[in-house]
Amino acid sequence: MPWTPILLNRNLRRTWGSRRGQPQSASGTRMTAKAEDLLTPQIDGHTKLSVPSFSFLVEHPSGRTVVFDLGLRKDFDSLPPAVQAFLKDCGWKLEVTKNVSDILEDGGIPLSGIEAVIWSHHHFDHVGDMTAFPRTADLVVGPSFKEHYMPAWPTDPGSTLDESAWDGRNVREISFDEDCPKIGSFDAFDYFGDGSYYILHCPGHTFGHIAALARVTVSSSDSAEDTFVLMGGDTCHFAGQFRPTRYKPLPREVEPSPLQRVYPDACPGALFRAMHPTRSASTPFYEMPRSCAVDVEAAHQSIRYLQQFDAAVNVLVVIAHDESLLGEIDFFPDSINQWKANGCGEKARWQFLRCFRTNSSALHLKKSYSFHFKGKAEFYSGDKDTGLY
Ligand SMILES: [Zn+2]
């Protein structure tokens, strides 16, 4: 399908922010979960995920504005009983300092100007507090949402969704029929009708889970390409579930180094291959566990489709809980549109490997082997190891 180029000038913004080294910013969400709840198989030393939950403000040049996902609501004590029971049972820790609606208003974005909130899916860490948005804002959801998730709490006492989210509000369910356009391998819906913003169908984690693809710059020459940001929601929960791939294998030298205190410039890829369940440089570290998906085969297929986008040099893939992007890319009130020009996409690509810093295999390998490093063999004696992993 031909795409209509459209200049998206300061159109895409992120609504969560933190600088590296400051895991809890003045605003936003932080959830700490057990890795085994979200990732399989288990990798020695990687037991916890401490993650944000990203939202996006999308501004079209016409003035039309939508928000993709709302993160977690601040007053999570008022979440439906089923969510509270789940949280008590799983032992996840939550910190929320501001609702996305607060962040927007503090940033000078009136909620009355937002035409729709798009939920990637119905989980509590994405739906925020919809009641803060005027009823003029539609709620946009994926296919079969109404069938599977409505009615909700309190009409359905066991539901994890609060149905006040759509009280008096238009709920718009996106459908993807046989004739719908394909963007990459995903079924797509052209939201603004001009090729600037596509809703993508990527089911598996939940029924009707959706992602979105925004065209954030338009090339003015034939030699350059338009650039995009793919808002992945919970297509998967960790960058190591879709990286590395045969398209973008783990490099022999990872730059910038995810372990800068030990390897200031570049870090041997072999360190991380040693932790990979199959020692592969071209398949992801993790899969989505069956327990995390309503249809795990569909989830794996959605992840394979996501990998195709991640292989493209002009697409930045941002899944909702990618902690490794904090401090690497621009956040609201700055725009993310220039991610390619400022090089942050490639710099951020392998930063998720930081999570393996406590892995005992890495320590063992580092103490025991030589690597070709910056063109010469160096032996790391282990004298720099103390306390760094
Ligand atoms: Zn989530």
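Predicted model: local features only at pLDDT ≥ 70, side-chain atom pairs only at ≥ 80, totals over all residues.
1. Start with strand 2, residues 29-34: four bridges tie it to strand 3, and the two run antiparallel.

2. Which strands make up the open sheet here, and in what order? There are three, arranged 3-2-6, with antiparallel pairing. Strand 3 (48-51) and strand 6 (93-96) are at the edges with a single partner strand each, so one side of each has no neighbour in the sheet. From one strand to the next, the twist averages 10°.

3. Within it, Met231 has Val318 of strand 17 as its bridge partner.

4. Is strand 17 buried or exposed? Five of the five residues in 315-319 are buried, so the strand is largely enclosed by the rest of the structure. Both of its faces are covered: Val315, Val317 and Ile319 are buried on one side, and Leu316 and Val318 are buried on the other.

5. A word on confidence before you read too much into the ends of the numbering. Mean pLDDT for the chain is 85, with 85% of the residues at 70 or more. Over residues 1-11, though, pLDDT stays under 50, and the model gives that stretch 31 contacts beyond four places in sequence. Residues 358-389 also have pLDDT below 50, with 43 contacts in the model beyond near neighbours in sequence.

Key:
Residues numbered from 1 in each chain as written. Pairing = 2+ DSSP bridges. Axes fitted to C-alpha atoms, helices over the stretch in contact; angles between N-to-C directions. Buried ≥ 20, exposed ≤ 12 C-beta atoms within 10 Å, placed from the backbone. pLDDT = per-residue confidence, 0-100. Contact = placed C-beta atoms within 7 Å.
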